[in-house]
Amino acid sequence: MNRKRFANWTLGASLVAVLPLTLMPLPEAIADARPYWAALVLIYWNLEAGRLRYLGQAFIGGLVLDLLTGSLLGQHALSLVIISYLTERFRYRIRFFPPWQQAAVVMLLLFNDRIVQLWTIGLVGDQWPAWQWWMAPVVGMLLWPWLFLLLDALRQRERRRGP
Amino acid sequence: MTPGGGSWPATIDGEAAARIARLMFYGLLSIVLMTLDYRGGYVDSLRGLAWRALEPVVLAVEAPFGLGQRLGEEMRARHELMDRIAGLERHLRETQAEVALLEELRDDNRELRALLEASQRVAPRFETAELMNIDLNPWSHRVLINRGRRDGLTAGQPVMDSHGVMGQVDEVAFSTAQVILISDPDHALPVRVQRTGLRTVAYGSGRINQLRLTDLPMNVDLQPGDVLVTSGLGGAFPPGLPVAEVESLSRPVGEAFARAEVQPLARLDRARHVLVVDSPEPDSSPASSDAADSGNAEENSDEAGDEPNGSVEEPAAEATP
């Protein structure tokens, strides 16, 4: 019950932070390897705090992302819904993994998502992605522990300062 | 990635089933959305509305990067800027000289057209715009520009850079607009081969640096290096804007049509400054004699007055020499 009240501020801030991170311009060479921030944040909140567990939330978040990035309406929605489902499905296992193993699972989830998105790209008939695009899950894996520590620390602080 | 084993306790099997059902539901929903968006754009109005609502987010994200760029420009050394100005001034002089020559040709052309009593070609007007510091999905073949309804943009206006046609304005929000590039697989552009006058259609290929001509006759006279320009058919683009250069031509055995791959002249992936062409609707009204008296009435209305104004200016200029 009480838990719901915690980490609201952190949750909001992390969701807002996803937008500039997703849209900000990157040098052309590494733009394709941009980590899938939305998925990373979604996975974190599902695993560690039990928030954003509903597929509907992932779906709506994905639609917003689609509109902002100008992609086919539903591409990110589908990908986030699948990530959300898989995270929830294996939640109780992943939670008790040591951090490096958790990072590996995150990479697998992101890699799986690349395949889902590739399917969409293929159907639309767009250009096959460059090899950097496949590096995004690896970048996501390397970022995961830091994101984890950062959000955990923010959450702890908020909880201590809380009611 | 299929679920490997039962990590769920057996007691909540029902919940698991419900979750799978929900996954199916949302999965199907997004697939339906994607299909509707891809085929025929049934959700265009919805997309437009939502895009307008989300515009502030884009502006907020863009602001710090735009500021950073401006700061960077301000910090640039003075002598560097002076060099640049000198270079640009030289370029301007050269271009002005060229324009002066073209002016003469234009007068000739006008006289000839008047002799032929053909329709006047409306001189297109441009609005400059800058690409925003926002990275969209690399597969969307869309870019954002910093002009919108505020600046009088409407959907369907041609967009070009200094080398050739880039695309068309798609969604217009208050101060930004989305431009769909000619390389988008959904985009088709009526073109003419400059050397031979052959008319055809250039389709986007999904690759940023390639377009396709897919319905050429087998005996087509086309060589690598031929330049394609807009034909003006369809009315969206004024005729004669450079579009692309032919790269290769293939005549696949057993197919009805030859195909060619062409390379856009516009730098679709690198341009920063673009021009939005005030679409003149070339074939709509031949400049007629009654344009002179309707001209004053049209001058006041700024919205609808665009193309009548454009065609009015020419006969008036014609009368003076």
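How many residues does the contact take from chain A and from chain B? The contact takes 36 residues from each of chain A and chain B, two residues being in contact if their C-beta atoms, placed from the backbone, lie within 7 Å. This is a predicted model, in which local features need pLDDT of at least 70, side-chain atom pairs count only at pLDDT 80 or more, and totals for chains, interfaces and linings use all residues. Residues are numbered from 1 along each chain as its sequence is written, while chains are lettered from A and ligands numbered from 1 in the order in which they are written.

**Chain A side of the contact**
- Helices H1 (8-23), H4 (55-69), H5 (75-89), H6 (91-94) and H7 (99-124) of chain A each supply at least two residues of the side that touches chain B; helices (H or I, at least four residues) and strands (E, at least two) are DSSP runs, numbered from the N terminus.
- H5(A) gives the most to this side, with 8 residues.

**Helix H5(A)**
- Of the 15 residues of H5(A), 14 are buried (20 or more other C-beta atoms within 10 Å of the residue's own, C-beta atoms being placed from the backbone).

**Sheet in chain B**
- An open sheet of 6 strands in chain B has the order S1-S12-S3-S4-S5-S2, with antiparallel pairing (strands pair if DSSP finds at least two bridges between them).
- Strands S1 (125-130) and S2 (142-145) of chain B stand at the edges with a single partner strand each, so one side of each has no neighbour in the sheet.
- Strands S3 (residues 158-160) and S4 (residues 165-172) of chain B run antiparallel and are joined by 3 bridges.
- B:Val159 stands opposite B:Gly167 in S4(B).

Notes. A residue is buried if 20 or more other C-beta atoms lie within 10 Å of its own, exposed if 12 or fewer, and partly exposed in between; C-beta atoms are placed from the backbone.
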